[in-house]
Amino acid sequence: MNQQLLEKIDAHFEEMVAIRRHLHMHPELSFQEQETANYIMQYYQKLGVPVEPNVSGYGLIARIKGNKPGKRIALRADFDALPIQDEKDVPYKSTVAGVMHACGHDGHTATLLIIGKLLWEMRDDLVGEYVLIHQHAEEADPGGAIGMVQAGALNGVDAIFGTHLSSNHPTGMIGYRVGPLMAAVDSFELKIQGKGGHGAHPHQTKDAIVIGSQLVMNLQQLVARRVAPTESAVLTVGSFVASNADNIIADTAYLNGTIRTFDKEVRETMEREFKRVVHGTEIAQDCTIELDYRRGYPAIVNHEKETCFVRDIAQDICDVVEIPATMGGEDFAYYLEEKPGTFFFTGAAPTEYAPHHHPKFDIDEKGMLVAAKVMLNAALEYQYVK
């Protein structure tokens, strides 16, 4: 049965590519994906698959029940794009100025739609139920996943599986990892209010640039001196703005950045110590600092049982590689906080490589075949896992 299933997936490759390229040509930004959601809904409706639209926004959930009782398995794909101008020279280049699928979500959606089509065709012989989660707004905080979870997407689900097509890994492989795979993503914005003045009279001022510089250097010590060497954390100041004439001492400076962690206790430590350093700087420099500290997606922590299960399933389909954790973030983490499951990378490196979120990003579309085969087989075989 599995071999026949693999052949069926191969037979749908051209359709999968056509879906992916249509979506690639018509991208929509996070929380604005109305036409993409309509496309997904119409695809399922033509098949006759029950689909629930407008789940916490533009999210959709398709449900396929087999004739035999069993577990309820969820599969997830995201479908939002990014505010990037597509610079590829390909026939399926984005037709929307300043917006493109620069992360592979179009491929995720095409993969899950074909999986849904095959499950629907097999429904008379299926065991259990399959919940196909098409999620909006993965790229923009607070993300679409948390809302879909709150709306009941995982009600009664026994396990959930997801994958991310990756231009960083070769086609024909998946990359798995037990435990932390992707980081929790927090962000901050700071406004330093000093006292400006003439550059010739610094003693009459409170220089926001000097204060900001001290703050940046002190914040860099948090990872080195507040986080154990056996743990991981990243603190990056991404922007430092205080624009003035060359003879003016800055009255105000603005900083923003990101903090990435895997461990919940380390995350708590970084937030607490970050706020302590900011408050201490206010006192030491006799200034005012407004802080907006925002918690974003939690860390993706893969469950051991489900991760090892997918690893074993995939060994008959493709190369399987244990990969290191990455400080990138993904809101699939919210699903894994609620239910057992795993998230893995599927290699899809194109001939002309470009990283994710790059104007020339693309994928080897054959990677979708690997993703579909591993995801579908994992969903079907997990019915028999005790």
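Modeller: Let's start with Glu271, which counts as buried at 15% relative accessibility. Keep in mind as we go that this is a predicted model. The side chain of Glu271 meets that of Lys275 in a salt bridge, with N and O 2.9 Å apart. Both residues sit in helix 7, and because they are 4 residues apart there, about one helical turn separates them. Lys275, at 38% relative accessibility, is partly exposed, whereas Glu271 falls under the 20% limit for a buried residue.

Glu273 forms a salt bridge with Arg226, and here the closest N and O atoms are 3.0 Å apart. This time the partners belong to distant parts of the chain: Glu273 is in helix 7 (residues 264-285) and Arg226 is in helix 6 (residues 208-226), 47 residues apart. Glu273 is buried, with a relative accessible area of 10%, while Arg226 is partly exposed at 42%.

Why do such pairs turn up at all? Side chains of opposite charge can pair when their charged atoms come close. In this model the count comes to 22 salt bridges.

One of them takes us to another region. Asp10 and Lys373 form a salt bridge whose closest N and O atoms are 2.8 Å apart. Asp10 lies in helix 1 (residues 2-11) and Lys373 in helix 10, so this pair ties together parts that are 363 residues apart in sequence. Asp10 is partly exposed, with 37% relative accessibility, and Lys373 is buried at 14%.

Helix 10 itself deserves a moment. Of its 15 residues, 14 are buried, so the rest of the structure largely encloses this helix.

Arg20, Arg21, Asp106, Asp362 and Glu365 are linked in a network of salt bridges.

Now step back to the domains. The domain assignment gives domain 1 as 3-182 + 299-383 and domain 2 as 184-296. The C-alpha centres of domain 1 and domain 2 lie 38 Å apart. Where the domains meet, 12 residues of domain 1 are in contact with 11 residues of domain 2. The area buried between domain 1 and domain 2 is about 770 Å², with carbon and sulfur atoms giving 66% of that. On the domain 1 side, Asp141, Ala299 and Met327 supply 62% of the area buried against domain 2, more than any other three residues.

As for which elements of domain 1 do the touching, strand 7 (179-182) and helix 9 (333-338) each supply at least two residues to the side that touches domain 2. Strand 7 gives the most, with 3 residues.

Terms used
Residues are numbered from 1 along each chain as its sequence is written. This is a predicted model: local features need pLDDT of at least 70, side-chain atom pairs count only at pLDDT 80 or more; totals for chains, interfaces and linings use all residues. Side-chain values use heavy atoms; hydrogens and water are left out. Buried means under 20% relative accessible area, exposed over 50%, partly exposed in between (1.4 Å probe, protein chains only). Domain bounds come from an automatic or database domain assignment. Contact means heavy atoms within 4.5 Å. Buried area is the accessible area (1.4 Å probe) that two parts lose on being put together, summed over both. A salt bridge is a side-chain nitrogen of Lys or Arg within 4 Å of a carboxyl oxygen of Asp or Glu.
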